[in-house]
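Please brief me on the packing, the charged pairs and the aromatic pairs of the structure shown here.

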Amino acid sequence: MKPFLYLLLFLCFPLWAQQDTASIEKYTIEEFYENTRVGGGVFSEDEKKLLMDSDESGIFNLYEIQLADGSKKQITNSTTDSFFAIDYVPGSGEILYSADKGGNEISHIYLLGKDGKSKDLTPGENEKAMFGSWSDDKKSMIYLSKVRDPQFFDVYKMDIGKWEPQMIYRNDKGFQLEGISHDENLLMLSQPITTSEN
(Lines give C-alpha, C1' and ligand atoms only; values in the text may rest on other atoms or scores of the structure.)
Protein backbone atom coordinates (compact mmCIF):
# COMPACT_ATOMS: atom_id res chain seq x y z
CA MET A 1 0.00 0.00 0.00
CA LYS A 2 2.83 2.43 0.87
CA PRO A 3 4.52 2.15 -2.56
CA PHE A 4 1.19 3.01 -4.20
CA LEU A 5 0.80 6.14 -2.05
CA TYR A 6 4.36 7.27 -2.83
CA LEU A 7 3.73 6.76 -6.55
CA LEU A 8 0.47 8.73 -6.35
CA LEU A 9 2.19 11.61 -4.52
CA PHE A 10 5.05 11.59 -7.02
CA LEU A 11 2.67 11.79 -10.00
CA CYS A 12 0.50 14.51 -8.45
CA PHE A 13 3.32 16.72 -7.22
CA PRO A 14 3.82 18.57 -10.55
CA LEU A 15 0.12 19.55 -10.52
CA TRP A 16 0.40 20.99 -6.99
CA ALA A 17 3.67 22.74 -7.77
CA GLN A 18 2.26 24.57 -10.78
CA GLN A 19 0.93 28.04 -10.22
CA ASP A 20 -0.03 30.99 -12.31
CA THR A 21 3.33 32.73 -12.82
CA ALA A 22 1.67 35.60 -14.66
CA SER A 23 0.15 36.81 -11.37
CA ILE A 24 3.55 36.97 -9.60
CA GLU A 25 4.95 40.49 -9.49
CA LYS A 26 8.48 40.72 -10.88
CA TYR A 27 11.25 43.05 -9.77
CA THR A 28 14.49 44.12 -11.38
CA ILE A 29 17.83 43.61 -9.63
CA GLU A 30 18.13 47.41 -9.37
CA GLU A 31 14.85 47.51 -7.41
CA PHE A 32 16.21 44.91 -4.96
CA TYR A 33 19.36 46.97 -4.44
CA GLU A 34 17.20 50.00 -3.61
CA ASN A 35 15.56 48.23 -0.65
CA THR A 36 16.28 49.84 2.71
CA ARG A 37 17.23 47.46 5.51
CA VAL A 38 16.57 48.29 9.16
CA GLY A 39 17.48 46.69 12.49
CA GLY A 40 17.62 47.33 16.19
CA GLY A 41 14.49 48.76 17.67
CA VAL A 42 15.32 49.63 21.30
CA PHE A 43 13.26 52.01 23.43
CA SER A 44 14.83 54.79 25.47
CA GLU A 45 14.23 54.68 29.24
CA ASP A 46 11.47 57.28 29.00
CA GLU A 47 9.98 55.38 26.04
CA LYS A 48 9.91 58.54 23.93
CA LYS A 49 12.52 57.42 21.38
CA LEU A 50 13.36 54.27 19.45
CA LEU A 51 16.99 53.50 18.56
CA MET A 52 17.51 51.68 15.28
CA ASP A 53 19.98 51.17 12.45
CA SER A 54 19.33 51.53 8.75
CA ASP A 55 21.31 51.48 5.51
CA GLU A 56 19.27 54.26 3.90
CA SER A 57 22.42 56.44 3.75
CA GLY A 58 24.15 53.74 1.70
CA ILE A 59 25.72 52.10 4.77
CA PHE A 60 24.29 51.19 8.19
CA ASN A 61 24.10 54.14 10.58
CA LEU A 62 22.22 54.83 13.79
CA TYR A 63 18.87 56.65 13.89
CA GLU A 64 16.41 57.75 16.54
CA ILE A 65 12.67 57.86 15.95
CA GLN A 66 10.60 60.24 18.08
CA LEU A 67 7.53 58.20 19.00
CA ALA A 68 5.31 61.26 19.50
CA ASP A 69 5.42 62.31 15.85
CA GLY A 70 7.34 59.53 14.05
CA SER A 71 10.15 61.85 12.99
CA LYS A 72 13.52 60.20 12.39
CA LYS A 73 16.96 61.67 13.05
CA GLN A 74 20.26 60.23 11.82
CA ILE A 75 22.72 60.29 14.75
CA THR A 76 25.86 58.81 13.13
CA ASN A 77 27.32 59.61 9.72
CA SER A 78 29.70 56.77 8.89
CA THR A 79 30.62 56.41 5.22
CA THR A 80 33.03 53.46 5.62
CA ASP A 81 31.93 51.08 8.40
CA SER A 82 28.43 49.88 9.28
CA PHE A 83 27.12 50.80 12.73
CA PHE A 84 24.52 48.55 14.40
CA ALA A 85 22.37 49.66 17.35
CA ILE A 86 22.74 47.79 20.64
CA ASP A 87 20.98 49.81 23.34
CA TYR A 88 20.74 53.02 25.32
CA VAL A 89 23.07 53.05 28.35
CA PRO A 90 20.83 53.03 31.46
CA GLY A 91 20.63 56.33 33.30
CA SER A 92 22.83 58.25 30.87
CA GLY A 93 21.20 58.76 27.48
CA GLU A 94 24.40 57.49 25.86
CA ILE A 95 24.26 54.77 23.23
CA LEU A 96 26.04 51.47 22.65
CA TYR A 97 26.57 50.24 19.11
CA SER A 98 28.54 47.55 17.35
CA ALA A 99 30.86 47.92 14.36
CA ASP A 100 33.80 46.20 12.72
CA LYS A 101 36.61 47.69 10.62
CA GLY A 102 36.25 47.46 6.87
CA GLY A 103 34.10 44.33 7.01
CA ASN A 104 36.69 42.22 8.90
CA GLU A 105 33.87 40.74 11.06
CA ILE A 106 35.79 41.51 14.27
CA SER A 107 33.01 43.53 15.85
CA HIS A 108 33.70 45.85 18.76
CA ILE A 109 31.35 47.56 21.21
CA TYR A 110 31.38 51.36 21.05
CA LEU A 111 30.00 54.03 23.35
CA LEU A 112 28.46 57.06 21.65
CA GLY A 113 28.48 59.99 24.09
CA LYS A 114 26.02 62.85 24.23
CA ASP A 115 28.70 65.01 22.59
CA GLY A 116 28.62 62.76 19.51
CA LYS A 117 32.08 61.27 20.16
CA SER A 118 32.62 57.51 20.06
CA LYS A 119 34.81 55.43 22.35
CA ASP A 120 35.83 51.84 21.58
CA LEU A 121 35.06 49.88 24.78
CA THR A 122 36.67 46.69 23.43
CA PRO A 123 39.78 48.04 21.67
CA GLY A 124 41.85 44.87 21.31
CA GLU A 125 43.10 44.57 17.73
CA ASN A 126 41.60 41.08 17.27
CA GLU A 127 39.01 41.37 20.04
CA LYS A 128 35.66 40.23 18.70
CA ALA A 129 33.04 41.32 21.23
CA MET A 130 29.28 40.94 21.60
CA PHE A 131 26.85 42.60 23.99
CA GLY A 132 25.15 40.22 26.41
CA SER A 133 22.88 42.15 28.78
CA TRP A 134 22.70 44.75 31.52
CA SER A 135 23.07 43.66 35.13
CA ASP A 136 19.85 43.55 37.15
CA ASP A 137 20.72 46.82 38.88
CA LYS A 138 21.46 48.44 35.49
CA LYS A 139 24.91 49.53 36.68
CA SER A 140 26.99 47.15 34.59
CA MET A 141 27.21 45.67 31.11
CA ILE A 142 27.75 41.94 30.61
CA TYR A 143 29.45 41.10 27.33
CA LEU A 144 31.36 38.36 25.51
CA SER A 145 34.88 38.80 24.17
CA LYS A 146 37.56 36.81 22.37
CA VAL A 147 40.39 39.11 23.47
CA ARG A 148 42.14 36.33 25.43
CA ASP A 149 41.62 33.47 22.95
CA PRO A 150 40.27 33.87 19.39
CA GLN A 151 38.55 30.47 19.67
CA PHE A 152 36.34 31.14 22.69
CA PHE A 153 34.11 33.89 24.04
CA ASP A 154 34.92 34.67 27.69
CA VAL A 155 32.31 36.51 29.78
CA TYR A 156 33.16 40.02 31.01
CA LYS A 157 31.54 42.77 33.01
CA MET A 158 32.04 46.55 32.78
CA ASP A 159 30.64 49.06 35.24
CA ILE A 160 28.86 51.95 33.54
CA GLY A 161 30.98 55.09 33.67
CA LYS A 162 34.23 53.29 34.49
CA TRP A 163 34.15 51.00 31.43
CA GLU A 164 36.96 48.77 32.67
CA PRO A 165 36.72 45.07 31.71
CA GLN A 166 36.53 42.44 34.44
CA MET A 167 36.48 38.77 33.39
CA ILE A 168 33.77 36.84 35.23
CA TYR A 169 34.07 33.54 33.33
CA ARG A 170 37.06 32.08 31.50
CA ASN A 171 35.75 29.86 28.74
CA ASP A 172 38.26 27.14 27.81
CA LYS A 173 35.78 24.60 26.40
CA GLY A 174 33.75 26.56 23.86
CA PHE A 175 30.59 26.87 25.94
CA GLN A 176 27.94 29.41 24.97
CA LEU A 177 26.43 31.75 27.55
CA GLU A 178 22.67 31.24 27.85
CA GLY A 179 21.93 33.24 30.98
CA ILE A 180 23.21 34.66 34.23
CA SER A 181 21.61 34.57 37.69
CA HIS A 182 20.27 37.72 39.30
CA ASP A 183 23.12 37.77 41.83
CA GLU A 184 25.66 37.07 39.03
CA ASN A 185 27.03 34.06 40.91
CA LEU A 186 25.73 31.44 38.46
CA LEU A 187 25.96 31.13 34.67
CA MET A 188 23.86 28.92 32.46
CA LEU A 189 25.93 27.49 29.61
CA SER A 190 25.33 25.26 26.62
CA GLN A 191 27.86 23.23 24.69
CA PRO A 192 27.57 22.93 20.91
CA ILE A 193 28.41 19.39 19.74
CA THR A 194 27.32 19.38 16.10
CA THR A 195 25.17 21.70 13.97
CA SER A 196 22.08 19.80 15.16
CA GLU A 197 23.03 18.72 18.69
CA ASN A 198 24.04 20.61 21.83
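Y143 is buried, with a relative accessible area of 1%, where buried means under 20% relative accessible area, exposed over 50% and partly exposed in between, for a 1.4 Å probe and protein chains only. The model is predicted, so that local features need pLDDT of at least 70 and side-chain atom pairs count only at pLDDT 80 or more, whereas totals for chains, interfaces and linings use all residues. Residues are numbered from 1 along each chain as its sequence is written, and side-chain values use heavy atoms, with hydrogens and water left out.

**Nonpolar cores**

- Y143 is among the residues with the most contacts inside the largest nonpolar core, which has 13 residues, and L96, I109, L121, M141 and W163 are the others named with it; such a core is a set of buried Ala, Val, Leu, Ile, Met, Phe, Trp, Tyr and Cys residues joined through side-chain atoms within 4.5 Å.
- At least two residues of this core come from each of β7 (108-112), β9 (129-134), β10 (140-145) and β11 (154-159), strands being DSSP runs (E, at least two residues) and helices likewise (H or I, at least four), numbered from the N terminus.
- A second, separate core has 11 residues, including L62, A85, A99 and L112.
- Leaving aside residues up to four places away in sequence, W163 touches V89, L111, K119, L121, M141 and M158, contact meaning heavy atoms within 4.5 Å.

**Aromatic pairs**

- The structure holds five aromatic pairs, counted where ring centres of Phe, Tyr and Trp (its six-membered ring) lie within 6.5 Å, with planes under 30 degrees apart called stacked, over 60 edge-to-face and the rest tilted.
- F83 and Y97 form a tilted pair, 4.6 Å centre to centre with 35° between the planes; F83 lies in the loop between β4 and β5 (84-88) and Y97 in strand β6 (residues 95-99), so the pair ties together parts 14 residues apart in sequence.
- Both partners are buried, F83 at 14% relative accessibility and Y97 at 2%.
- Y143 and Y156 form a stacked pair, 5.5 Å centre to centre with 25° between the planes; because Y143 lies in strand β10 and Y156 in strand β11, this pair ties together parts 13 residues apart in sequence.
- Y156 is buried, with a relative accessible area of 8%.
- One aromatic cluster is formed by F83, Y97 and Y110.

**Salt bridges**

- There are seven salt bridges, each being a side-chain nitrogen of Lys or Arg within 4 Å of a carboxyl oxygen of Asp or Glu.
- K72 and E56 meet in one of these (2.6 Å, N to O), which links distant parts of the chain, with K72 in strand β4 (residues 72-74) and E56 in the loop between β2 (49-54) and β3 (61-66), 16 residues apart.
- K157 and E184 meet at 2.7 Å, N to O, and since K157 lies in strand β11 and E184 in the loop between β13 (176-180) and β14 (187-190), the pair ties together parts 27 residues apart in sequence.
- K157 counts as buried at 18% relative accessibility, whereas E184 is partly exposed at 25%.
- R170 forms a salt bridge with D172, the closest N and O atoms being 3.0 Å apart, and a network of salt bridges links R148, D154, R170 and D172.
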